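Have a look at the model first, then read on.

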Amino acid sequence: MQLLQRFSLLILFLTSLSAFGQNADSTSYEAQRLRVNKLIEDRKVKFSEYDLSLEKKTAIFGLFKSKDDMQKTVDILKNIVITDNNIFLETRRLINIKDDEKQKFQNLAVEYDKQVSAYIGTINKLQKENEKLKKELEKIEGSDHNTNIFLYIALAVIAVLGYLLFQKQKITKR
């Protein structure tokens with residue numbers, strides 16, 4: 001019974017350790033997710049700037065786009081592409097964090113399976129040893145019973161012989 005309690009405490013302890021490790025991974029994941037979301041927000045802002053720059057016309061009475069207007073639009077578009085590339089990179093890192101967490105949990109599951117199998121093997125071994133000891137105890141108790149019977153018979157014979165000797169000495173003294 002104590003072995004089962006110790007085993008339960010060990011499982012509880014290992015579970016609490018894995019929850020502590022998961023917290024650090026979750027924090028890293030959340031920080032990365034926030035970075036990706038910020039990049040997406042930056043992209044939205046840049047894209048709205050791009051839309052405004054497409055409509056902006058400062059050449060010849062505001063009917064045409066000037067070379068500067070077109071260059072600003074191209075620059076904004078380049079910034080959008082750079083931001084998109086950063087979003088892809090950060091998203092890849094986010095996916096890698098998730099994959100690493102998944103692999104870590106799979107490794108932990110395999111490790112826990114091995115430990116549980118070892119504990120089960122130990123429990124089975126101890127149960128067999130317990131059964132063996134119980135049989136030996138029953139055998140010893142049975143032999144003790146036979147020894148006790150012989151001891152009682154011997155004491156009875158000694159008592160009878162002592163009584164007879166005492167009676168014989170009584171008769172010879174008279």
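Asp42 is partly exposed, with a relative accessible area of 28% (buried means under 20%, exposed over 50%, partly exposed in between, using a 1.4 Å probe and protein chains only). Its salt-bridge partner is Lys38, which is exposed at 52%. Both residues lie in helix 1, 4 residues apart, or about one turn of the helix. Helices here are DSSP runs of H or I with at least four residues, strands runs of E with at least two, numbered from the N terminus.

This is a predicted model: local features need pLDDT of at least 70, side-chain atom pairs count only at pLDDT 80 or more, and totals for chains, interfaces and linings use all residues. Residues are numbered from 1 along each chain as its sequence is written, and side-chain values use heavy atoms, leaving out hydrogens and water.

The count comes to 7 salt bridges, each a side-chain nitrogen of Lys or Arg within 4 Å of a carboxyl oxygen of Asp or Glu. Among them are these:

| Pair | Closest N and O atoms |
|---|---|
| Glu101 and Lys98 | 3.6 Å |
| Arg35 and Glu90 | 3.8 Å |

Arg35 lies in helix 1 (residues 2-55) and Glu90 in helix 2, so this pair ties together parts 55 residues apart in sequence. Arg35 is partly exposed at 44%, whereas Glu90 is buried at 12%.

Glu101 and Lys98 sit 3 residues apart in helix 2, about one helical turn. Glu101 is buried at 9%, while Lys98 is partly exposed at 40%.
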